Amino acid sequence: VLPTFLIGEYLFIFLAALALIHAIRQDRRHVFVWFASFLAGSSNDIFFMLPLYICCVYCTFMYFATVSAWRLGLPTLAEACLSGLMGIMIYMPYDIIGIKFLWWTWHDTDPPISYRMLGVPVGSTLWVITFTGTFSFLIRTVYLNWRRSEAVAMVAVCLLSTPLMMVQMALLQLISWDRQGVPTLSSLMVGVGLYLVAIARQSPRRSLLKHPCGPFIRAAPDFSINLALCCYYAALFCIMFFGRPEDHVSDGIHQTYGPCRVEQKDFSGQVRHRYVCERDMDEDWDFSCPAAKGELPADYSDWYVVCGRAHRNRPLWVAALAFYALLGSFTYSRILRFGKRRSYSTSPTGSRLHGE
């Protein structure tokens, strides 16, 4: 009843396995990043959600973003900011498709996810950028620059990635004059702008020879992840282009159904409606499909059937997927090819780096 979700699950499991193979073909630093992305992502989701395949999602967007940014030889802060922006290039198409095809459902009135673009909460987009950037920063600082043991670095990355991400999001909302806990487009624009400024200011100082991983990067395995990411973008684009959200049914746990406009406060003190109700809800799904039997869920139930809705503006969704697919494919291809060219460079002593 969720055919595209099945494709998505196996796609991310395949990409995570491919990322591990790529890491093994490189060196132990890459292997460390793979396991760190798995464990740090799982540590983050303990606070929010815990589906099995999501661990492979973390291995996909955090591993590929972090190690790809290494190929430019940027200073620490610029590298972390680039990783954050490259992480959202992988995650955003998945986020758009996931909500449209009922891979998950959002709380209808929760303030932190109330501002949305194509159904995707702005807070989700800002979270990916800041969380991936923080993860990359901790890897570079604790593990590569300070050269702490793998055990110490792993503990630091797993314990600090989520809190530092939350601090960043709070500061960005403060700078943009957003209400704390309710990120809007202003917070997102400020965050992306600051990340781009950091990259631009420090990019002239890039040097792969001076990067802690520079001498150890092998160019040949990078072709596999470049090809895999192009296939990933193509697969998600095909899901959006050929998929029919109205044929998707989600029978599982959702926001509790009940009386309209019953207010409650969440852990941060934000007021929301405790229950979702058909009369007031503003979601891209309904209860009209045969699987729901034309009946509304019983009051106070959180396990029920929801039905996907047909596109109201299909060209917009297709165009958005095409944009992110082209942006991501172009960015990763350029950066991985740049790293390959740099791997042919000569060091100050005349010895060649790992060119293949």
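Tutor: The chain has 9 helices and 7 strands, where helices (H or I, at least four residues) and strands (E, at least two) are DSSP runs numbered from the N terminus. This is a predicted model, so local features need pLDDT of at least 70 and side-chain atom pairs count only at pLDDT 80 or more, while totals for chains, interfaces and linings use all residues. Residues are numbered from 1 along each chain as its sequence is written, and side-chain values use heavy atoms, leaving out hydrogens and water.

Student: Why is α5 called roughly parallel to α7?

Tutor: Helix α5 (residues 122-145) and helix α7 (residues 185-202) pack at about 25°, with axes 9 Å apart. Angles under 35 degrees count as roughly parallel, so α5 is roughly parallel to α7. The angle, on a scale from 0 to 180 degrees, is taken between N-to-C directions of lines fitted to C-alpha atoms over the stretch in contact.

Student: Why is Pro163 called partly exposed?

Tutor: Pro163, found in helix α6 (residues 150-175), has a relative accessible area of 37%. Buried means under 20%, exposed over 50% and partly exposed in between (1.4 Å probe, protein chains only), so Pro163 is partly exposed.

Definitions and conventions: Parallel < 35°, antiparallel > 145°, perpendicular 65-115°, else oblique.
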